Amino acid sequence: MIKITDLEKFYRTEEVETIALNKLSMEVKEGEFVAVMGPSGCGKSTLLNILGMLDDADAGSFVFNGIEVSKFNERKRADIRKHNIGFVFQSFNLIDELTVYENVELPLIYTGVKASERKEKVEKVLDKMQIMHRRNHYPQQLSGGQQQRVAVARAVVNNPKLILADEPTGNLDSSNGNEVMELLTDLNEQGTTIIMVTHSEHDARFSHRIIRMLDGQTVTENILV
Amino acid sequence: MLRNYFKTAFRTLVRHLNYTIINVAGLTVGIAVCMMIFVIIQYQTSFDTYHANRSRVYRVLTEHRSSDAANIPFSKDVPFPLPNALKTSFPQIEKVTPIFASNNDQILVTDENGKTLQQFIEPKGVFFTEPSFFELFDFPLLAGTYTSLQEPNNVLLSKATAEKYFGDWHLALNKTIKIQVGGYVFEHGTEVLKVSGILENPPANTDFQFKALVAYGTGFTGSLMNKSIDWNDRTNQGFSCFVRLPEQTAASGINKELATYAAKVQSADNKDVYQLQALADVHYDTQAGNFSNTAISKQLINVLWVIAAFILLIACVNFINLSTAQAVNRAKEVGVRKVLGSNKSRLQIQFIVETFLVVLFAVILAIILTVLTLPYINQLLNLSLSLQIVDRVQTLLFLLAITISVTVLAGFYAALVLSRFNPIEALKSRFKVNSGKGLSLRRGLVVFQFIIAQALIIGTLVIVKQMNFFMNAPLGFQKEAVVNIPFRVDSLRISRLDYLRGKLMSIKGVEGVSFSSNTPVEDGADNWTSFRFNNATKESDYKVITKFTDDQYLSTYHLQLVAGRNLKPSGYTQEFVVNESFVRSLGIKNPEDVLRKKVSIWNGLINCEVVGVVKDFNNRSFRDQVAPLVMTTNNTMYNQAGIQLTATNIPATLAAVKALFSETIPDFVFEYKFLDEKVDGFYRSEMQLAQLYQLFAIIAIFLSCLGLYGLASFMAAQRVKEVGIRKVLGASTGNIIYLFTKEFILLIGIAFAIATPLAWYYMHQWLQDYAYRIEIVWWLPLIGGIGALVIALLTISFQAVKAAVAKPVKSLRTE
């Protein structure tokens with residue numbers, strides 16, 4: 001599904017050039033659950049942003065579903081993104097002005113799904129995430145765990161092939177965290193590919209494979225399954 | 001402590017230079033507009049307020065009780081016998097001063113032998129009056145005496161006029177000039193005047209913009225006006241009377257006596273009465289007017305105040321919007337300051353000091369801007385504003401008031417919002433400024449701004465459309481390529497008229513020549529008379545316009561006959577041609593029915609048959625309906641030539657015409673005016689109003705957009721993260737731009753819904769002043785609304801596009 005080769009990314013300020021990704025290569029097959037670990041500043045988030053097509057690399061190749069996307073412009077990447085990829089963030093990134101229902105509905109609006117179909121899909125996923133009773137609440141009125149469940153619901157409502165999770169349990173206590181990890185595991189079992197950045201060894205154990213990074217490169221891979 | 005406030009404030013302003021520039025620019029423009037209007041109003045309200053006796057000086061007005069509603073009910077013209085009657089029968093009046101204002105006077109400066117050295121034409125500014133003029137009004141004398149005006153044929157010149165005629169005013173004293181008065185309908189000759197004094201130039205803020213004051217009693221003012229006992233004489237245009245009352249004497253008592261007195265001395269059919277009008281009201285009486293056509297209505301002054309207030313408010317709203325926008329970026333500073341021990345009121349003082357610095361800077365720039373633009377305003381409004389006129393103390397107080405009120409208005413809300421931030425949330429940058437109230441206040445302010453801007457735009461569109469109508473609507477006569485050349489008849493010149501006509505017709509490019517007393521349309525310069533139709537015993541209770549025209553008038557101005565025939569060539573008055581309105585005013589349907597009927601005008605002085613009826617043409621400005629009209633020949637009344645030119649090579653034709661006039665009528669300044677330009681000139685005040693509205697509309701929309709820009713940047717700053725999330729979820733650039741603009745479209749839509757009926761109502765009222773006017777069609781306000789919307793969207797789109805194309809990674813990286 002994903003094959004990146006010799007990927008490079010630099011951040012430049014006036015005097016210093018920081019290498020975020022240093023000729024990084026990796027592959028993720030469809031249906032895999034991969035955890036990416038490493039110390040702060042090792043390039044995990046940069047990698048995730050590039051995989052999510054929110055950012056572009058300075059050099060190297062990125063093949064997504066057999067298509068070379070590294071040279072795609074913003075619009076084309078956005079198009080692939082909205083149909084194929086769901087995001088889960090550490091800080092949930094829900095829109096405060098929208099209700100739970102509206103937050104989850106948003107990706108469907110942007111992919112042009114009809115209103116009747118949207119209702120069905122949103123209700124189905126809210127049901128699945130067990131937050132149907134909270135559908136008319138605003139994010140501030142929910143607990144952290146509930147907010148992250150909404151975020152996951154929003155990430156999967158479009159049936160993406162790939163979910164990118166950036167420390168999804170980072171702002172949660174352990175029991176809420178476990179719930180979210182179980183949700184992700186369920187989704188993976190139903191066929192969704194998941195790439196998750198995490199600091200937590202505990203969370204990483206939910207995955208099939210752990211990629212460890214340092215200074216913009218992969219250092220080791222642990223295959224768990 | 002205070003120094004610290006100023007230091008921090010200054011540094012903050014420098015650091016956020018973009019915002020500071022926008023704030024200062026907006027406030028500068030707003031304050032400058034205010035100041036300009038203040039100067040204009042101060043100027044307008046200062047007219048004739050410097051005379052020591054001002055509170056005791058009154059003007060006598062005629063209230064026409066016998067005229068129809070279309071005529072002006074109040075006039076500054078009084079009957080010739082009035083001044084002498086007041087002097088003899090009203091001993092309680094201290095001083096009575098007749099003033100005859102002539103116009104288009106020919107002045108000849110001669111050498112000792114009477115040979116003409118220079119010729120001048122004075123359109124206005126020659127007054128015939130008595131020495132008592134100076135006991136009512138204060139005009140300092142440089143040389144000679146006031147009392148010399150007691151003697152006929154003495155003249156006091158203003159310094160500027162003396163310099164114009166003689167080079168140096170010191171040389172002017174005791175010199176002689178000749179005057180041929182232009183402002184009186186009957187023939188009169190040339191008067192020789194001796195310069196018996198020099199007056200300081202009248203200040204700009206007096207309605208007596210005199211060039212020369214001639215002794216009342218000179219020429220026909222002595223032989224005719226001063227001796228007249230005819231209260232019905234309607235040739236009294238330009239003849240006014242001012243009086244001075246003793247202290248503690250009320251005008252109302254004298255008004256009552258005047259009514260009784262008028263009834264006693266006037267014939268039974270003359271119901272006119274006379275009233276004293278305080279000098280303080282003269283400048284604001286647009287109906288009766290004044291000698292220099294500078295009257296301004298109190299209503300217009302109030303409108304100016306309102307516009308000034310609105311523009312200033314718009315500028316303040318901008319400041320509020322921009323400051324609260326900035327607040328997002330400064331929340332952290334507030335948090336730190338609070339943690340370090342600052343409290344709410346100290347923070348408020350700090351923000352107020354910042355505002356004060358901005359306002360102070362804006363006021364200074366506004367003063368500079370005002371001084372720089374004053375010449376253009378003078379040109380636009382035909383005023384002579386200068387900072388010399390401005391009362392310095394008042395202006396300083398005004399600026400102080402502006403500085404304080406703007407600081408409070410603009411700074412207070414921002415200070416309140418900023419100082420209220422919770423320090424913990426602010427430090428974590430998790431604050432919410434936009435929850436509920438804050439933003440809806442801003443929304444309300446934006447709506448308010450756009451109501452004003454759109455109302456002004458719609459108003460401007462209506463005025464401009466009405467102006468186009470004035471310029472282009474058919475008048476019913478030929479006004480293109482027609483020039484009018486004034487002249488003054490005397491017996492010598494009358495004998496040359498036929499010769500002149502023949503010679504003119506032989507010039508290449510001249511198609512027609514007509515001599516007449518008036519052009520087909522005049523703006524208030526007509527002779528009105530009541531009349532008797534078909535030997536009726538009673539005079540008509542309304543008046544008609546009298547025009548003295550030769551037989552070529554109809555062909556030269558392309559007027560059409562609908563019944564009967566044209567006037568026969570004659571030097572005398574033998575027959576009448578009337579217009580359709582005249583026929584209709586008598587209740588007669590068929591124009592043929594008035595033919596061969598007798599009409600008598602001027603109290604029976606002229607009594608002739610109607611021989612023809614012309615199709616109605618606009619014989620007055622579009623403010624008024626076509627008036628009933630009688631036309632007749634009489635070569636002693638002609639004072640201008642109307643020449644129809646072919647459109648090609650007009651300059652060459654005019655040069656030949658000028659040469660011919662100088663040869664045939666020497667000692668007369670050759671002047672010409674194109675008829676279409678003269679007609680356009682009727683609407684000068686509307687033109688000024690249109691330009692003023694345009695200016696204010698542009699400023700209002702500029703300031704409103706500046707405010708929108710501020711609000712858009714505020715929104716962009718507030719919603720960076722939301723935009724990021726939406727983009728991650730698949731929103732396109734278009735989606736984001738729509739997100740930003742839909743709210744403003746709604747706000748501008750609301751403003752449009754409020755502004756349109758308001759503007760429609762006021763412009764509808766304004767249009768009622770014109771008998772001929774445009775309809776406010778539905779798409780006119782719509783154009784205004786769409787225009788405002790487009791400009792606003794362009795303003796917002798800059799911020800919206802910036803937010804939409806930003807990479808979401810950046811906005812989401814904040815954790």
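Tutor: Buried means 20 or more other C-beta atoms within 10 Å of a residue's own, exposed means 12 or fewer, and partly exposed is in between, with C-beta atoms placed from the backbone. This is a predicted model, where local features need pLDDT of at least 70 and side-chain atom pairs count only at pLDDT 80 or more, while totals for chains, interfaces and linings use all residues. Residues are numbered from 1 along each chain as its sequence is written, and chains are lettered from A in the order in which they are written.

Student: Which residues have the most contacts inside the largest nonpolar core?

Tutor: Among them are Val36(A), Ile31(B) and Ala700(B), in a core of 162 residues. Helix α21 (residues 684–718) of chain B gives the largest share, 18 residues; helices here are DSSP runs of H or I, at least four residues long, numbered from the N terminus. At least three core residues come from each of domain 1 and domain 3 of chain B, with domain bounds taken from an automatic or database assignment.

Student: What does Ile31(B) touch?

Tutor: Not counting residues up to four places away in sequence, Ile31(B) touches Leu312(B), Ala362(B), Val363(B), Ala366(B) and Ile402(B). Contact here means that the C-beta atoms, placed from the backbone, lie within 7 Å.

Student: Why does Leu767(B) count as partly exposed?

Tutor: Leu767(B) has 17 C-beta neighbours inside 10 Å, so it counts as partly exposed. Leu767(B) belongs to helix α23 (residues 733–767) of chain B. Its contacts, leaving aside neighbours within four places in sequence, are Gln466(B) and Arg773(B). Gln466(B) is 301 residues away along the chain, yet the two C-alpha atoms are separated by 8.3 Å.

Student: How do you know that domain 1 of chain B touches domain 3 of chain B?

Tutor: By the contacts: 18 residues of domain 1 of chain B are in contact with 18 residues of domain 3 of chain B. On the domain 1 side, α10(B) supplies the largest share, 11 residues. That side has 12 nonpolar, six polar and no charged residues.

Student: What makes a residue nonpolar, polar or charged?

Tutor: Ala, Val, Leu, Ile, Met, Phe, Trp, Tyr, Cys and Pro count as nonpolar, Asp, Glu, Lys and Arg as charged, and the others, Gly among them, as polar.

Student: And how many residues of chain A are in contact with chain B?

Tutor: 15 residues of chain A are in contact with 14 of chain B. By class, the chain A side has seven nonpolar, five polar and three charged residues.

Terms used: Contact = placed C-beta atoms within 7 Å. Helix = DSSP H or I, 4+ residues; strand = E, 2+ residues; numbered from the N terminus. Core = buried A, V, L, I, M, F, W, Y, C linked by C-beta atoms within 7 Å.
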